[in-house]
Amino acid sequence: MNKNEGEQILKQFLTFMLEKDMDKWINLWDEHAIFEFPFGPSNYPAKIEGKSNIYTYIKDFPKKIHLYKFSTPQIHHTLNSNVLIAEFKCEGQVIDTGLPYKQKYISVIEITNGKISHYRDYWNPIVAIEAFGGDLSTFLNSSHHTKQ
C-alpha cells in the first residue's frame, strides 16, 4: 500500500460517517476485519470480529449521534507500509440527550488489499458517557431509549 491509499481510505471512512452512509462505510472493511476498542468501558465490546458483526454494531450509529465535523487527521506513517496512525477529533450531538459529543481519537489502521483489516480505536469513554447523560447503555443498545 502506498501512503496515499491509506489516507484516502481514512478520508472515505470519515466522510461516510458524516454522510451517515453506513453501507458505503462498511464496504471499506475486509470480510475478516477486526475492530478493537482498547479503552472502552467494561460493559463495552473490546473487539468485534468480521465485517458483518462490525456492520451490526455500527449500522444504527447515525440514529444515536449526529456527527457534523471531523478535524483534518494528523497522519503518522509507520515502518510497516500497511499501517498508519491517525489523530483526529469529531464534533456532534447525542440525539437522545441533546448533549454535545466532542471526541478525540487516535486510530491505528491496518489496510490489506485496499480494505481495512484491523482498526484499533483509542477514544475517551468518559466523553461518551457524559454525552449520553451518564448512561452509555443507550449507545450500546440498538433499541431506542428515552431518558428517565
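This is a predicted model: local features need pLDDT of at least 70, side-chain atom pairs count only at pLDDT 80 or more; totals for chains, interfaces and linings use all residues.
Residues are numbered from 1 along each chain as its sequence is written, and side-chain values use heavy atoms, with hydrogens and water left out.

I took helices (H or I, at least four residues) and strands (E, at least two) as DSSP runs, numbered from the N terminus. Strands pair here if DSSP finds at least two bridges between them. Strand β6 (residues 100-112) is antiparallel to β7, with eight bridges between the two. In this pairing isoleucine 109 stands opposite tyrosine 119 in β7.

I then checked the other pairing of β7. Strands β1 and β7 run parallel and are joined by four bridges. Tryptophan 29 has isoleucine 116 in β7 opposite.

**Whole chain**

I counted six helices and seven strands in the protein chain. From the N terminus on, their order is α-α-β-β-α-α-β-β-β-β-β-α-α.

I used contacts with heavy atoms within 4.5 Å. Of the contacts between residues at least 6 apart in sequence, 53% join residues at least 24 apart.

For burial I used relative accessible area: buried is under 20%, exposed over 50%, and partly exposed in between (1.4 Å probe, protein chains only). By that rule 39% of the 148 residues are buried.

I computed accessible areas by the Shrake-Rupley method with a 1.4 Å probe; for residues, only the protein chains shown count as cover. The chain has an accessible surface of about 8,200 Å², and 50% of this belongs to carbon and sulfur atoms.

**Aromatic pairs**

I paired rings of Phe, Tyr and Trp (its six-membered ring) with centres within 6.5 Å; planes under 30 degrees apart are stacked, over 60 edge-to-face, and the rest tilted. The search of the whole structure gave 17 aromatic pairs.

One of them is tryptophan 29 with phenylalanine 35, a tilted pair at 4.9 Å centre to centre and 55° between the planes. Tryptophan 29 and phenylalanine 35 are both buried.

Tryptophan 29 also pairs with tyrosine 119, again tilted, at 5.9 Å centre to centre and 35° between the planes. This pair links distant parts of the chain, since tryptophan 29 is in strand β1 (residues 29-36) and tyrosine 119 in strand β7 (residues 115-123), 90 residues apart. Tyrosine 119 is buried, as is tryptophan 29.

I found Phe13, Trp25, Trp29, Phe35, Phe37, Tyr44, Tyr57, Tyr119 and Trp123 in one aromatic cluster.

**Salt bridges**

I called a salt bridge where a side-chain nitrogen of Lys or Arg is within 4 Å of a carboxyl oxygen of Asp or Glu. The count is three.

Lysine 51 bridges to glutamate 31 at 3.6 Å, N to O. Lysine 51 is in helix α3 (residues 51-58) and glutamate 31 in strand β1, 20 residues apart. Lysine 51 counts as buried because its relative accessible area is 15%.

Lysine 59 bridges to aspartate 60 at 3.4 Å, N to O. Aspartate 60 also bridges to lysine 63, with the closest N and O atoms 3.4 Å apart. These bridges share partners and join Lys59, Asp60 and Lys63 into one network.

Aspartate 60 is buried at 12% relative accessibility, lysine 59 is partly exposed at 34%, and lysine 63 is exposed at 59%.
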